Amino acid sequence: QVQLVESGGGSAQAGGSLRLSCEASGYAIRTNYMAWFRQAPGKEREGVAAISPAGGYTYHADSVKGRFTISKDNARNTVYLQMDSLKPEDTAMYYCAVRSGSPFSLSTRFSPEYYAYWGQGTQVTVSS
């Protein structure tokens, strides 16, 4: 049984930082691509960042490039999202996800339908 548990969310002021963690159980994160998504009220779920199985390749959405950094610790079976220079528009529920066995491609790196397992999410609220 694959389980993903996110933590680290909370409230922050604009310009501040938060670090999200996603600990996996029942699954070795070194096996597949993983990603962080977010969903704000009334909006579609959007991909934020993705990372390759060994951690050598990372991808960040344009909206967070230069501010957010995805990383992983395969020994701890945990994926992280370091969020700096937070903006009010970063307010959302953040989810981590494990990609299914389908081949990875740049065009689908942030397509939710290609991710098989999801955590319950952690709320991030940024005030101005």
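Which residues does Tyr94 touch, not counting residues up to four places away in sequence?

1. **Tyr94.** The model is predicted. In it, Tyr94 touches Glu6, Leu20, Trp36, Phe37, Arg38, Val48, Phe68, Leu81, Met83, Gly121, Thr122 and Val124, with residues up to four places away in sequence not counted. Tyr94 is also among the residues with the most contacts inside the largest nonpolar core.

2. **The core.** This core has 36 residues. Besides Tyr94, the residues with the most contacts inside it are Met34, Trp36, Val48, Phe68, Leu81 and Met83. Two or more residues come from each of β3, β4 (34–39), β5 (46–51), β7, β8 (78–83), β9 (92–99) and β11 (122–127). The most come from β9, which gives 5 residues.

3. **The open sheet.** Four strands make up an open sheet, in the order β1-β3-β8-β7, and the pairing is antiparallel. Its edges are β1 (3–7) and β7 (68–73). Each has a single partner strand, so one side of each is left without a neighbour in the sheet. From one strand to the next, the twist averages 15°.

4. **β1 with β3.** β1 pairs with β3 (residues 18–25) over 5 bridges, in the antiparallel sense. Within this pairing, Glu6 has Cys22 of β3 as its bridge partner. Glu6 is also one of the residues touched by Tyr94.

5. **Ser21.** This residue lies in strand β3. Is Ser21 buried or exposed? Its relative accessible area is 18%, so Ser21 is buried; the cut-off for buried is under 20%. Beyond four places in sequence, Ser21 touches Val5, Glu6, Ser7, Trp36, Thr78, Val79 and Tyr80.

6. **The disulfide.** The count comes to 1 disulfide. It joins Cys22 to Cys96, with an S to S distance of 1.9 Å. The torsion about the S-S bond is about 50°, so the disulfide is right-handed. Distant parts of the chain are linked here: Cys22 is in strand β3 and Cys96 in strand β9, 74 residues apart. Both cysteines are buried.

7. **β11 and its partners.** β11 pairs with β9 in the antiparallel sense, over 3 bridges. In that pairing, Ala92 has Val124 of β11 as its bridge partner. With β2 (residues 10–13), β11 pairs in the parallel sense over 4 bridges. Gln13 stands opposite Ser127 in β11.

8. **The two faces of β11.** Which residues of β11 form its covered face, and which its uncovered one? Thr122, Val124 and Val126 make up the covered face. Gln123, Thr125 and Ser127 make up the uncovered one. In a regular strand the side chains alternate between the two faces of the sheet.

9. **Asn32.** This residue lies in the loop between β3 and β4. Its relative accessibility is 18%, so Asn32 counts as buried. The Asn32 side chain reaches two backbone oxygens: that of Arg99 at 2.7 Å and that of Ser100 at 3.5 Å. Leaving aside neighbours within four places in sequence, Asn32 is in contact with Tyr27, Pro53, Lys72, Val98, Arg99, Ser100 and Gly101.

Terms used: Residues numbered from 1 in each chain as written. Predicted model: local features only at pLDDT ≥ 70, side-chain atom pairs only at ≥ 80, totals over all residues. Heavy atoms only, no water. Pairing = 2+ DSSP bridges. Axes fitted to C-alpha atoms, helices over the stretch in contact; angles between N-to-C directions. Core = buried A, V, L, I, M, F, W, Y, C linked by side-chain atoms within 4.5 Å. Buried < 20%, exposed > 50% of the residue type's maximum accessible area, 1.4 Å probe, protein only. Contact = heavy atoms within 4.5 Å. Polar contact = N/O pair within 3.5 Å; in protein donor to acceptor, adjacent residues only side chain to side chain. Disulfide = S-S within 2.5 Å.
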